[in-house]
Amino acid sequence: MIMTTVRAWLMGGAVALVLGAPLAAQTSNAERAVPRAANGKPDLSGIWVATGAIMLFEGQEAFAAARAADAAAGRPPGNTGEAPPYKPEAEAQRQYFLSRQGIDDPMARCLLTGVPRITFRPLPFEIVQLADRVIMLYEIHHAFRIIPTDGRPHPEDAEPSYLGESIGRWDGDTFVVDVTSFNTNTWLTGVGTIHTEDLRVTERYTRDSFDTIRYEVTMEDPAVLTRPWTLRETLRLRPGERIREYECIESNEDIQRFERLLQESRATERSQ
Amino acid sequence: MRRPALLLVLVSSLLAARLAAAHHSFAAYFDGQKAVTLTGEVAGVEWTNPHFHFSIDVKDEAGAVTRWRFEGFPPNMLVRQGWQRDVTLTPGATITVEGWAARSEPNAGAARWVTLADGRKLAAGPPAGTGGR
């Protein structure tokens, strides 16, 4: 048995030596098992980007290939364009913001992007999975989330905040994050996607292959939504990537431009 | 007023159909239906966040020069696309920029591609209407 294993290993090594690097490349991540942490749960650690970012990182062809790979693997398509299920009054507000082409976007003023919008931004983020917490380090806005997984409840003194308060737990092989205590300075994702302080976000991260995480996020906010709103996206591992610096305020000319456009818009509204 | 010899190309409705709100709401300031391709001499480079800017002097057939200013990726993305600060884009070099013009500000645009004098074509900014939700 041992000899068989050794022989197989030696033969594999010989083949690899003959074929060289191309073989190593071909047998890379797609065939690798999902790594496991010491507690047996999938290890989400690594640097990831939403599939939408592949367009920017590698171009249209790679983006199309990623979407095709998702379809072949039975992963749900990201960004279906489905309208959020807003109540009429909230939907009217969203349409108003859309009509103004996004100049009211809190992100354009460099305010911290909330959950889940930060996951969909086209910059990578790193997940560091530890025994008692999961840390998410986002390139955009130098943002981070520390998500306890030791069973503690949400803190009682939580202040409303941009990224909210996150508590994590495992549901089988899926990492589930419950996020509460949001302020109202963020949009959920997309222009005009308003919410109240009662927003509750549930994120589900399932590493279904070495290279991918199925991300499913459900937003509940009965004051503005008619029902829970669920979005899905595939997060992709970026081997060799590292988190770099992205600073929003240095020369963000949108702040002045949009302020000018806002003033013009207000003046037009007053004159009507 | 002399019109600079610009290649002002209206993009097809196929591309226009894909346009939507982008990074910092592209649509509020730039016009995704006003594609421009300009060749000129690099006049300046600002390697800054959250966008880098550069300007080029574009000469028309009569020799009149118009300075265009473009906005593009932040440095973190430029480096991922193969750019090097102070090396890739240097004042005086002749480059070709493909991108989109601003809605109202004259001679301003968002850069998508830059073709360098040595023929290399590098992504300089996001496509109009993409870049996350």
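1. Two strands are taken to pair if DSSP finds at least two bridges between them. Helices (H or I, at least four residues) and strands (E, at least two) are DSSP runs, numbered from the N terminus. This is a predicted model, in which local features need pLDDT of at least 70 and side-chain atom pairs count only at pLDDT 80 or more, while totals for chains, interfaces and linings use all residues. Residues are numbered from 1 along each chain as its sequence is written, and chains are lettered from A and ligands numbered from 1 in the order in which they are written.

2. Chain A, strands. The secondary structure of chain A comprises 7 helices and 9 strands. An open sheet of 9 strands in chain A has the order 4-3-2-1-9-8-7-6-5, with antiparallel pairing. Its edges are strand 4 (144–148) and strand 5 (165–171) of chain A, each of which pairs on one side only. From one strand to the next the twist averages 25° (axes are lines fitted to C-alpha atoms, for helices over the stretch in contact, and angles run from 0 to 180 degrees between N-to-C directions). Within chain A, strand 1 (residues 46–50) and strand 2 (residues 125–129) run antiparallel and are joined by 3 bridges. A:I47 stands opposite A:E126 in strand 2 of chain A.

3. Chain B, layout. Chain B has 3 helices and 7 strands, in the sequence pattern β-α-α-β-β-β-α-β-β-β. Strand 4 (residues 65–71) and strand 6 (residues 108–115) of chain B run parallel, with 3 bridges between them; the partner of B:E71 in strand 6 of chain B is B:A110.

4. Chain B, hairpins. Strand 5 (residues 94–102) of chain B runs antiparallel to strand 6 of chain B, with 6 bridges, and B:V97 has B:V114 as its bridge partner in strand 6. The hairpin of these two strands has 5 residues between the strands, and B:N107 there takes a positive phi near 55°. Strand 6 of chain B also pairs with strand 7 (residues 121–123) of chain B in the antiparallel sense, over 3 bridges; B:W113 stands opposite B:A123 in strand 7. In that hairpin, again with 5 residues between the strands, B:G119 takes a positive phi near 95°.

5. A residue is buried if 20 or more other C-beta atoms lie within 10 Å of its own, exposed if 12 or fewer, and partly exposed in between, with C-beta atoms placed from the backbone. On that basis 34% of the 272 residues of chain A are buried, and 38% of the 133 residues of chain B. A nonpolar core is a set of buried Ala, Val, Leu, Ile, Met, Phe, Trp, Tyr and Cys residues joined through C-beta atoms within 7 Å. The largest such core has 75 residues, of which A:A53, A:M219, B:I56, B:V97 and B:W100 touch the most other members. Strand 2 (residues 30–46) of chain B gives the most to this core, with 5 residues.

6. Contacts between the chains. Two residues are in contact if their C-beta atoms, placed from the backbone, lie within 7 Å. In these terms 21 residues of chain B are in contact with 33 residues of chain A. Helix 2 (26–29) and helix 3 (75–80) of chain B are the elements that give two or more residues to the chain B side.
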